[in-house]
Amino acid sequence: MLVKRLTLRDFRNYESAELTLGEGLTLLHGPNGAGKTNLLEALYFGATGRSCRTSNEREMLRFGAAAARSVIEVEGEDGAHRIEVGFEPGEPKLMKIDGARVERLSGATARPLVSVFLPDRLELVKGPPGSRRAHLDQFVAALRPARAENRTEYGRALAQRNALLARVRAGRSGPSALDAWDHELARLGIVLMEDRTHSVELLTPPFGRLAAELGLPGEATLTYRPRSKAADAAGLESELHEARESDLQRGFSGHGPHRDELVLAHEGRPLRAYGSQGQQRLALLALLFAERDVLLAERGRAPLMLLDDVVSELDAARRERLVELIQSEGQAVITTTDAEAIPGVEDAVTAAVTAGEVRQELAPA
Amino acid sequence: MFAPPVNRLITELARLPGIGQRTAQRLAFHILRLPPEEALPLAEAIKEVKETVRQCEVCFNLAVEPTCRVCQDERRDAALICVVEEPSDIIPIERTNEFSGRYHVLGGALSPIDGVDPEDLHIEELAKRVEAGGITEVVVATNATTTGEATALYIADLMRERAPDTEVTRLASGLPVGADLEYADEITLGKALSGRRRL
């Protein structure tokens, strides 16, 4: 699937703008604050219906405007599609595929997969386990769209069990329904653990290889460590049963896949605690490219990669390898303040971005 | 903005599910335009339904008399009970013409988040009904949602304890009739696989 064009209106610093993407690499260059990252965000917004930068969607609205809109046009195996996402404060989000309104974009086959690198996404490597879990679960959903619902259901069952624990603790409910919620949580939880394990097994070999390719010397590993030792739903259910006493004291569920950790390590040491900024950056890129490879192998679809200011802290040799990797498969959009800093982009589509204006330089052939 | 009685009508209409402020206004002005003989039957229908319809003493379905029409029907199999969340869930089951037993309406599903405990549903009444004897099978037809599943599990556990001789079954979930395998989503297909039966 190819993303052909982005059209936006009243989005961040843009009143209206258009960007035509290349089949391989598209390079956005311009000074700081011109609005390069805003274009990446608009692409992400058009493909997912969410922002990759903020949970406060009002920020995406151009100052003084009533509604922001992002439209992406894609070319899939089944023909052309037009995906439109609109945001107006106080109104339900407007999402349309080929003119027909949809509830959500996840699961829609017409939408492109996207993978995003923003400098503040290093949080994924160095932050708390929750962000890595959420990222892994999003990858599971991209790999097996029909399983996305399972993660949502697990979250619902967990919230219900936690609410019941708190009520029992406060003496407002009896404990009789806890068995039923343990059972339900275990049924959904074991599937979640299996899906994550399967995904990490697929990601581990390319992650190690790509980390080395990007210039992280020594062995880089990816490990999913479930807290639970259970092999099936019945096993997880009995573990939940055992944890009940302490859960009741705390008032929430302390055991289960919602507490699991995905460990990115280098030379056997977790990058979260011991990695340098540069190592964390390379590891995150290796993870994103490993995901691209797995999606391509398993689903025949590479995500559109949105890479913000990705080369700035890399030395010349690593820059070159990164650009080679980007250009080896699929579509990518990268931003930079200095077009000269990106080696070997003669055949890329480039656009100059200045203060809310996009000037296309090389139209795609 | 409008005369107080009009505002009151708009406010009442807007409290209905799925009706926003704008739709409520449109409906209110529609009602205002109607001649009295067309508008008042609605008010009377609401009044009548609230004054005459109550819950069946046996199964908590909607009833005008002390028991509902299903419970009064002697031809229906009294040994078979289908458990549903809401009275409205009975309609699609009745339409199938495949179920000849009686019903039991729970009045919702377990949901600790909303403060719904087993005691808030008609679960104890179900247990008493089954304990009284003569029931061979309880079909649990709660929704295929997290709350519906947990409710089903709770009922199954309770039945094992209180009426071990009664069989408890769950509605199968699977492929819609006439559907091609190719178009079935993974979850539906997965459930259909795990719930497969011998031919």
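View 1. The lining of the second largest cavity comprises five nonpolar residues, one polar residue and one charged residue (Ala, Val, Leu, Ile, Met, Phe, Trp, Tyr, Cys and Pro count as nonpolar, Asp, Glu, Lys and Arg as charged, and the others, Gly among them, as polar). The model is predicted: local features need pLDDT of at least 70 and side-chain atom pairs pLDDT 80 or more, while totals for chains, interfaces and linings use all residues. Residues are numbered from 1 along each chain as its sequence is written, chains are lettered from A in the order in which they are written, and side-chain values use heavy atoms, with hydrogens and water left out. The lining residues are A:His135, A:Leu136, A:Leu203, A:Leu222, A:Leu262, A:Leu287 and A:Glu291.

**View 2. The largest cavity.** The largest cavity has a volume of about 40 Å³, and two cavities of 30 Å³ or more are counted. A cavity is a set of points on a 1 Å grid over the protein atoms alone where a 1.4 Å probe fits but cannot get out, and lining residues have an atom within 4 Å of a point. Grid points are joined across faces, edges and corners, and a volume is the space filled by probe spheres set on the points. α3 (129-143), α4 (148-169) and α5 (178-213) of chain A each give at least two lining residues. The lining, which includes A:Asp137, A:Arg147, A:Arg151 and A:Asp195, holds four nonpolar, one polar and four charged residues.

**View 3. The interface of chain A and chain B.** In this interface, 22 residues of chain A contact 18 residues of chain B (heavy atoms within 4.5 Å). About 1,600 Å² is buried between the two chains, 60% of it on carbon and sulfur atoms (accessible area, 1.4 Å probe, lost on being put together, summed over both). A:Ala146, A:Gln160 and A:Trp181 supply 29% of the area that chain A buries against chain B, more than any other three residues.

**View 4. The salt bridge between the chains.** One salt bridge is found across the interface of chain A and chain B (a side-chain nitrogen of Lys or Arg within 4 Å of a carboxyl oxygen of Asp or Glu). The side chains of A:Arg167 and B:Asp117 form this salt bridge, at 3.4 Å from N to O. On the side of chain A that touches chain B, α4 and α5 of chain A give two or more residues each. The largest share, nine residues, is from α4(A).

How values were computed
On a 1 Å grid over the protein atoms alone, a cavity is a set of points where a 1.4 Å probe fits but cannot get out, and a pocket is an open set with protein on both sides within 12 Å along at least five of seven lines; lining residues have an atom within 4 Å of a point. Helices (H or I, at least four residues) and strands (E, at least two) are DSSP runs, numbered from the N terminus.
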